[in-house]
Amino acid sequence: MALLSELATEIVIPVCAVIGIAFSFVQFILVSRVKVTPERHAPPQSGNNNKNGYGEYLIEEEDGINDQNVVVKCAEIQNAISEGATSFLFTEYQYVGVFMVAFAILIFLFLGSVKGFSTKNQPCTYDAEKLCKPALATAIFSTVSFVLGALTSVLSGYLGMKIATYANARTTLEARKGVGKAFITAFRSGAVMGFLLAANGLLVLYITINLFKLYYGDDWEGLFEAITGYGLGGSSMALFGRVGGGIYTKAADVGADLVGKVERNIPEDDPRNPAVIADNVGDNVGDIAGMGSDLFGSYAESSCAALVVASISSFGINHEFTAMCYPLLISSMGILVCLITTLFATDFFEIKAVKEIEPALKKQLIISTVLMTVGIAIVSWVALPSSFTIYNFGVQKVVKNWELFLCVGVGLWAGLVIGFVTEYYTSNAYSPVQDVADSCRTGAATNVIFGLALGYKSVIIPIFAIAVSIFVSFSFAAMYGIAVAALGMLSTIATGLAIDAYGPISDNAGGIAEMAGMSHRIRERTDALDAAGNTTAAIGKGFAIGSAALVSLALFGAFVSRAAISTVDVLTPKVFIGLIVGAMLPYWFSAMTMKSVGSAALKMVEEVRRQFNTIPGLMEGLAKPDYATCVKISTDASIKEMIPPGALVMLTPLIVGIFFGVETLSGVLAGSLVSGVQIAISASNTGGAWDNAKKYIEAGASEHARSLGPKGSDPHKAAVIGDTIGDPLKDTSGPSLNILIKLMAVESLVFAPFFATHGGLLVFSLYHFLSILLSTLPNTLL
């Protein structure tokens, strides 16, 4: 028996979720104290040296200038960015809403038809002596959980975007008081998103389980089978958010860079550039809303995979509620750990210099991992019996509670390893990116070659880290071990998202500083925040990809069990065909998303060129560009272009499962997992390295960097071209691939009963046809 009672579990999980929501609200209030209205404040009282600076003049420049117009400009730009981002998301959600309704109907029809929409109780899959709820109930509740997951994912992305667009100008204004004040504002804003997403995801899942329990009662197998729809809903929305947002942001970014920086030789985020507002909008809809939905999807899927496997093990068979909720208790502990960790960045220590920014963000990862290791040990001790059994492909495997602690721990520390390796290969503080910058001396071609080589090389250690995690966790606790290892990697999701969201907020802050005409010193500070943010964004993508690999494998194991496949034999022709096709899918998907960015960017380049050529006085700064047209081009292009890649991912499991059967589908899932993870890591890191190589030259912080600059030099132009090529790799194709491998796996799991019952129509038809042909052939020849 677990030390933690069922009643205590019922209280602890929602309380931790509410604490997370309350903490995010407190952080929001602190951010909102930075005003973006040009109000006169009373002079600060003597002796008021509040560390966070709220007693000082809010519109006072360090060098004595008190410019009301700067604040007005910042507010105007912030409103334009917020309106553009809101407009895009509402347009995107209208299309996604239609898909959500259509797919919900599909889930109901497919799962309901497994037993002919029967309302009679049926023998349980894993214990024929017991009766479980009818298939129609699974269809209805799976559909409901799909809709709940989809709505929670959409809400997560939208709330993240709103706080980011609320905080960007505030970060800019705080940069006038020092880099430390700006950092705290940006990081607190990221924390609002991180804690809201982690707490909302946990709370909605927990409430859904308890509501479903009212109907299912002791049928935990059916209950948690229906819960898998929650993960499918989360990831399907994340796919469209990631792809649509990624196409939007990179179309604007590439268009702005190619015409502005390369052709017209004007600075990044120059207000004369017509694409500059669209570029800043893109940071919020791609890197904030898209990433929020993506990591929520990973969290939902890893939780669902663990719950499904546990429901057919001793936890589910013996109805041990506390042990069954082990994945949710891990997430609850994660919220408390991340809360303490966040205070180290915002309250316990103060950043006073630019060089302290990146170490402060790295400390967040280390502190959260160390504290979470202790937290996992506590949860494993109080929530699990000393010994229990886990379902392992037809047999029950005996597992000790300390073995499960090691499974979660190895996932957690593998995430840290992936984070630091990603940082090493994408930060301009280390030699790989500096070598890429140095290669710009001989032009764009060598820059591209060095960048691609860096991306391929950066795959090695993360793959070994994932491999070790899989070996250790599977050895100890089979597929349940892999599922909780993925959950371990995502247990510090609130801190990970805070660090990740900090990047786009800082990027926007720099853009607003440039557009508002603020001093060079302010822009240097925002550039320093942005450079650190680029690295942290790459770390966030590394976490997302690593967790996706573990989540997909756990979902694959659950699918194989649900589809009643005893072994997956790669020497069988239909499985091997699936492997080859599955390995090809990430390339097909990447080609579609890259071409989509190229097509959208082409329209943007043409529009920016047209405005520079036809609007008199635009280049001289005497006329205002037409920002709205560029925003509309990005919106229309991204909405149109996100549908084909989305259809590829969503339809592949359905087509393969229905026409070729579960064995071929298992091959497709394995193939897409193996190739997708490699491409995702290399694409994200190559793009991040090119971006920071460009920033390394622009900053000119070392003698080596100054020898390559300044802005406008030939090496800098070569670096800009590399950065432009890398943009769709790191912000569209790379991050979207982890959703591809997760989404196909969870979709296959949800539809597994249908595929197992009615799948393989084409293979069956061909087999039947060949049997008839071969039986009649000898008679024909005679």
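The second largest cavity is lined by 16 residues, with M489, T492, I493, G496 and F543 nearest its centre. A cavity here is a set of points on a 1 Å grid over the protein atoms alone, where a 1.4 Å probe fits but cannot get out; lining residues have an atom within 4 Å of a point. The elements giving two or more residues to this lining are helix 10 (357–383), helix 15 and helix 16. Helices are DSSP runs (H or I, at least four residues), numbered from the N terminus.

This is a predicted model, in which local features need pLDDT of at least 70, side-chain atom pairs count only at pLDDT 80 or more, and totals for chains, interfaces and linings use all residues. Residues are numbered from 1 along each chain as its sequence is written, and side-chain values use heavy atoms, leaving out hydrogens and water.

The second largest cavity holds about 160 Å³ of space. A volume is the space filled by probe spheres set on the points, with grid points joined across faces, edges and corners. Its lining has nine nonpolar, seven polar and no charged residues. Ala, Val, Leu, Ile, Met, Phe, Trp, Tyr, Cys and Pro count as nonpolar, Asp, Glu, Lys and Arg as charged, and the others, Gly among them, as polar.

Now the largest cavity. Its volume is about 270 Å³. Of its 26 lining residues, D283, D507, N534, D691 and K730 are the closest to its centre. Helix 5 (220–263), helix 6 (276–311), helix 15 (493–515), helix 16 (520–562), helix 19 (662–699) and helix 21 (714–750) each give two or more residues to the lining. Helix 16 provides the largest share, six residues. By class, this lining has three nonpolar, five polar and 18 charged residues.

In total, the count comes to twelve cavities of 30 Å³ or more.

Notes:
On a 1 Å grid over the protein atoms alone, a cavity is a set of points where a 1.4 Å probe fits but cannot get out, and a pocket is an open set with protein on both sides within 12 Å along at least five of seven lines; lining residues have an atom within 4 Å of a point.
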